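User: I have a structure open here and would like to talk through parts of it with you.

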Amino acid sequence: MKSPQDLEKLQQTLSKKLDAGKPRISICNGTACRPYGSNPVAEAFKAEIEKRDLGNQLEFKVTGCHGFCERGPVAIVEPGNLFYQKIKVEDVPEIVEKTLKGETVSRLLFKAAETGKEVAGQNEVPFYRNQTRIVLGNNVRIDPTSIEDYIAIGGYSALSKALHTMQPDQIIDVIKQSGLRGRGGGGFPTGLKWETCRKAHGDIKYVIVNADEGDPGAYANEGLLSGNPHSVLEGLIIGAFAIGAHQGYVYVRNEYPLALKNINIAMQQAEKLGLLGKDILGSGFDFSVRINRGGGAFVCGESTALMASLEGKTGEPRAKYIHTVEKGLWDRPSDLNNVETWANIPLIISKGPEWFNSIGSKGNTGTKIFSLTGKVNNTGLVEVPMGIKLRDIIFDIGGGIRGNKKFKAVQTGGPSGGCLPEKLLDLAVDFDELTKAGSMMGSGGMIVMDEDNCMVDVARYFLTFLEEESCGKCVPCREGVKRMKQILTDITEGKGRESDLDLLKELSAHLKDSALCALGSSAPNPVLTTIKYFLDEYEAHIKQKKCPAGVCKSLIKFSIIDEKCPGCGMCVKICPAHAITDMGKKKPVILDQSKCIKCRTCYDVCRMGAVKIE
Amino acid sequence: MMFAGWELLRLSESVTLTINGQKYSAEKGKTILQVAVDNGIKIPTLCQHEEIEPYGACRLCIVEITKGTRNRIVTSCLYPVEEGLIVQTDSPAVVRNRKMLLDLLLTRCSENEVIRDLAGQYGVKTPSFREEYWEKHDCIVCGLCVRACEQVVGVSAISLVDRGIHKEPKPPYLEKAKNCIGCGSCYYVCPTHAIHMEDKNGVRRIDRWKVEFKLKKCSKCGIEWAPVAQLEYIRKKWNLPADFFDICPNCK
């Protein structure tokens, strides 16, 4: 394609094909649906359509992540926007048959918890109903390996608009007016970052996509990059044009094979169509991209460590007293943004900053994608307007806590975020409010915890992760995190001292002041927030040597409540340590304390509530 | 260090900053630490050396800066001076953090003389952490040995291996450091004497890198004055005659 007109023509042809009015089945084949068996289901659909020669009557699409991972494999059927869940290979012929007839497969629909009734349309499913899926929404409409699909829904028209009708400064102004803030966690205004990079001295500049999402439980960037890679690429090209860069990098962690594959395909397709490379769309603008795979170090998600890694050096951060927009990759002005930030760019260019400003709250415009995981009923990727309450995400979208247990805390922002308690459930989820509460936005991890989680143990877990992932360059992080973890481990083992809390606070303050990068300075967050909001649990561990949640092995004891035990022997069979003896039917079992490894299996398997944790 | 043309222009400018209440004029491009050292102001450091690029690992050189209404702690070995910058090298916040740094270092290196002395100067006699945590390392992972080997000597015989608490300077594949020339730069720059080097019976040994080198004997005075490998390296690099190092510097 050599001109905006070429793109427009192609878009018109393709969109007619896409909206031909044929019934359409879109099955999610994202990373989370695959282990549930979406691949064989997709193959079964293809085979069925071929067998019955339905290619002309039915459109079938294998797409990226739809978001509702808990119910995978999921599919959307048009017309009717029907949402099918937990699809099995056996369901395929029926789905095809009924779709052709315009009927619904009721048993595959989502059942609303409150009414017990089936909900047909995707937009009525509580999980989706309360979301604003401006970025993720297109995932269900396109095959991520098809540039035609992306163009058919208007893809690359923002790029064409930017290249042919806007000046770089104008683009930057639009991004500034939109109020878009970096989705990688820091929340720095994107337009301002671009402007500084554009103004920085130097002929050679770089733009970088940070797709090194390493937080435990977070996979929002994966869902976006594997499900709609062209949206990220289009944003990147627009950014490069605005900043004056001719070389871009996509840094993807190697643990994301699907995202890597799809962004590679996207790049090749874009290059073939003249959307990448020399003289893009006849504008005279040249831009090429390289993909680099991350080697599995969490710290490489930090911008300076990522750049060091791109340079082929050890992924260690450096001080940012001279910002990377002035001196970044190979000491040249470099603009690095998160996957989600880049994906927002084409939308803002197409629809305008006013539209973007109308979503979210003041100072926190637009939406944010979260990976909602943990003890919540509906896990998956959710996209919500910024400023929404935590309660709305966890209880409306997330459908509340599993097994009717009691909510205890929600951890946002990955390992260096904080744990927020029930009293903060009405907190507005935005960059500033989360930081004020001692947590942070991070790259969008959201782990829900219930009454069975011990908050001291949770803090210990995150510090263990950070200790392993610290690069080890600076003393506060390498030595400080290690000591914090040791203290927390001691507390969970009943060796806590009353002075430990002060020492933990002192160390925390020190790390915030003195660590070299954000990994170190935010590492105390899990400790500080759990001390602040769950002090009683720390005190129980330290003073009474008790773990109220019944998690910390050194502080708990399992025993059988004889009156409740019918002697069914379930626990006897499942106990891996052979610590429980069957005494015959209707007689309570006997648990040998000396053999018990406190694995909790008997507690979980007993339906009579006859296992007690003290 | 490489500088682009526009940076050279900036270097020739000068700025005025305040350190501990006193005004100083300094060349733009210098770090706070360089300006402090130039003016006889003492800031403790462990990972810094004037011939080696700053790294910012030990954090002992932290200072408190004021810009506008905002105060923050920065590492002076990395922070470039700015016009109007106000610096305090020993503010209460700096001292508090420095004490904790030394506390952490002392817990790691509980028997190291250098660390014990320095910690003692800040009133840290014993670590605040329980005794079970105390370790007996000598190396503080400041990376000076690795950086000297790369930046000054130019052979990169050793590197920092692993990450986090396991990070340590080591020879490649934990085997004998093949590229080592035995010059001992690592030994000389190590701030905590964690590298042992011994010249004995005509042989230099650096156990940490699993290397041994034959020492060259001066043909005049007979002193064994440097490893043959090191002299060969220099001779080849500067294209010197074969007999150039037969005589030691003292006899020349």
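User: How is chain A divided into domains?

Analyst: This is a predicted model, and in it chain A is divided into domain 1 (18-129), domain 2 (147-356), domain 3 (361-450), domain 4 (455-542) and domain 5 (557-613).

User: How many residues does the contact take from domain 1 of chain A and from domain 3 of chain A?

Analyst: Eight residues from domain 1 of chain A and eight residues from domain 3 of chain A take part in the contact. On the side of domain 1 of chain A that touches domain 3 of chain A, the residues divide into six nonpolar, one polar and one charged. The C-alpha centres of these two domains of chain A, domain 1 and domain 3, are 28 Å apart.

User: Switching to helix α17 of chain A, what does it reach from its first C-alpha to its last?

Analyst: Helix α17 (residues 455-469) of chain A, with 15 residues, reaches 21 Å, which is close to the 21 Å expected at 1.5 Å a residue.

User: And why is α17(A) called largely enclosed?

Analyst: Because 12 of its 15 residues are buried, α17(A) is largely enclosed by the rest of the structure; among the buried residues are A:Met455, A:Asp457, A:Arg460, A:Phe462 and A:Glu469.

User: Now chain B: where is B:Cys251 found?

Analyst: B:Cys251 lies in the segment after α7 (228-237) of chain B, and it counts as partly exposed because it has 13 C-beta neighbours inside 10 Å.

User: Which residues is B:Cys251 in contact with, leaving aside its neighbours within four places in sequence?

Analyst: With those neighbours left aside, B:Cys251 is in contact with B:Cys218, B:Lys220 and B:Cys221. B:Cys221 is 30 residues from B:Cys251 along the chain, while their C-alpha atoms are separated by 7.1 Å.

Note on methods. Residues numbered from 1 in each chain as written. Chains lettered and ligands numbered in written order. Predicted model: local features only at pLDDT ≥ 70, side-chain atom pairs only at ≥ 80, totals over all residues. Helix = DSSP H or I, 4+ residues; strand = E, 2+ residues; numbered from the N terminus. Buried ≥ 20, exposed ≤ 12 C-beta atoms within 10 Å, placed from the backbone. Contact = placed C-beta atoms within 7 Å. Domains from an automatic or database assignment. Nonpolar A, V, L, I, M, F, W, Y, C, P; charged D, E, K, R; others polar. Expected span 1.5 Å × (residues − 1).
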